[in-house]
Every structure is written in C-alpha cells, then in structure tokens.
Amino acid sequence: MSTSHTPIARVDFIEGLAKGLAVLESFDTQRQRLNATQAAERAGLTRAAARRHLLTLAHLGYLETDGSHYWLAPKVLRFSGSYLASARLPRLIQPTLNRLAALTRESFSAVVLDEDEVVIVARSVSPGGQRLMAYGLHLGARLPAHATSTGRVLLAAKSRGELSAWLKGRELARLTPRTTVDHKAFRAVIAQVRADDFAVAREEHELGVFALAVPLRNVQGQTLAALNVVASPQRLEESTLRQDLLPLLLDAARELRPLL
C-alpha cells in the first residue's frame, strides 16, 4: 500500500477504500494477472478480503477475470487520462517538449517521482526524428527511479536524510549489467548528480539506451519534475553532451521556472 502524502485524522480514514486501492495497485508490469492468493500477498490482506475486493473491482469494471485470475481492464485508464488531460504540470511543459523535439529530432520527457518509481507525465517525439526509445516510454509509464536519469535528478533533490530514509531496506534491482545496485556506490552517484545538477544514465535501465536529465524547479527552488532526453551513445559523449544537449535542457528549465 502506498505511504501517506497528506496527513489525515484517523476518524476520516476509510480503510476499505485504502484496501481496495492496494489491491488495484498490486497489478504491475511484472504481475499482470493475479489470483486471490497472490493479490492478498501483494496487498497485505487475507485471501478472503482480497477475493472480495477483486470481485467488487471486477463488478465495477476495473478488472477483468476468467474466474480464477484477474487483470486490469481499460476502465482504469480513466484516472490517468483525466490526470494527463487536466493536470497543470503536463500542460505547461508540453509546448517546450514539442519545441525541443522539433529542434533536435530527439525524444524528450517530463517525469515526476512517485515513491520508488518515476512516472512520465508529458513526452514528445519529433516526427521523422530518432527512433531510439526505451521500452515502455509512454505517457503514464512507470520506471525504476534508481536506474533512470530522471529518477536520479529527483532523488538528488532530497536531503541526505531523506535519501537515507528512501534507501533504507530498499533493494536496488539490477536491470542490466551496468545498473548501480550497491548503496554506497549509489549514494556517490546521487552526490555527483547533486553537484552537477544533471544526470546521465548510460544503459542502466535498458541496454543501448542513454539518457540525460535536468531538474525542473519553480521560483521557490523546489524541484517539481525532471526533464530528460533519450539519445544515442554518440550524442551523449562528454563533448557533445556539454556543448549540445545539456545547454538546451538547462535553457528550457530556466524558461519553464516562472511558469511552474
């Protein structure tokens, strides 16, 4: 179950709703089909409770079932579709992403942090531009924060104490042979990102995929999101990185700052 983001009085907390959402959140790219036993384990419920929630969610149209296993139905996209259509942040950032893509023929995304993952809230690919895209890089896609350029930029915005709390007891999954999984080494990576104010991830999330990210801050200096570009290894060599793509991203971040 997700941790709380807004304080709430105990009397106002609807436990049944929280449990139902925990069951819904049990479905992900690793576990696309679940039975009651698996959902119970992932949501921290008894099998009987998980079964009732699964049946209710299927009745409401948010899940489909063959009688024993359940999987997400298209109706769940109502939530993400409404968010992406109405949320202020994606609307403000989209014109900048379109301009950058048209200018460079590269692929750009704006991303926010959600616990141990980053979520793509806006993206743009220039027509006829680079076809280099990591698997699953679509609106609403969730990627592991530790292995992505955007995740590292957003984690670098945390204080050292907050980063320690985020890392505590967390296993950093090895997604490729190049993924940084050792906690001490990862802290050093984040410290470097904090010092540079940008992050480069070279084949840590997916082999053959290189990405560069910078923070998107508001006028108060709070990091609200990250802006990144996915490019070829040649484009992210140190010389072209600093002369070409990085200045573009930094300029875009400065332009967006008064709007955020």
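**Salt bridges and cores in a predicted model**

Let me start with R142 and E117: their side chains meet in a salt bridge, 2.8 Å from N to O. The term means a side-chain nitrogen of Lys or Arg within 4 Å of a carboxyl oxygen of Asp or Glu. R142 sits in strand β5 (residues 142-144) and E117 in strand β4, so the pair ties together parts 25 residues apart in sequence. Strands are DSSP runs of E, at least two residues; helices are runs of H or I, at least four; both are numbered from the N terminus. D114 joins E117 and R142 in a network of salt bridges.

A word on the source. This is a predicted model: local features need pLDDT of at least 70, side-chain atom pairs count only at pLDDT 80 or more, and totals for chains, interfaces and linings use all residues. Residues are numbered from 1 along each chain as its sequence is written, and side-chain values use heavy atoms, leaving out hydrogens and water.

Next, D197 and R217. Their salt bridge is 2.6 Å, N to O. D197 is in the loop between α8 (183-196) and β6 (199-202), R217 in strand β7, 20 residues apart.

Now inside. Six of the eight residues of β3 (residues 107-114) are buried, so this strand is largely enclosed by the rest of the structure. Buried means under 20% relative accessible area, exposed over 50%, partly exposed in between, with a 1.4 Å probe and protein chains only.

Last, the largest nonpolar core: 29 residues, with L212, L216, L227 and L249 making the most contacts inside it. Such a core is a set of buried Ala, Val, Leu, Ile, Met, Phe, Trp, Tyr and Cys residues joined through side-chain atoms within 4.5 Å. Helix α9 gives the largest share, eight residues.
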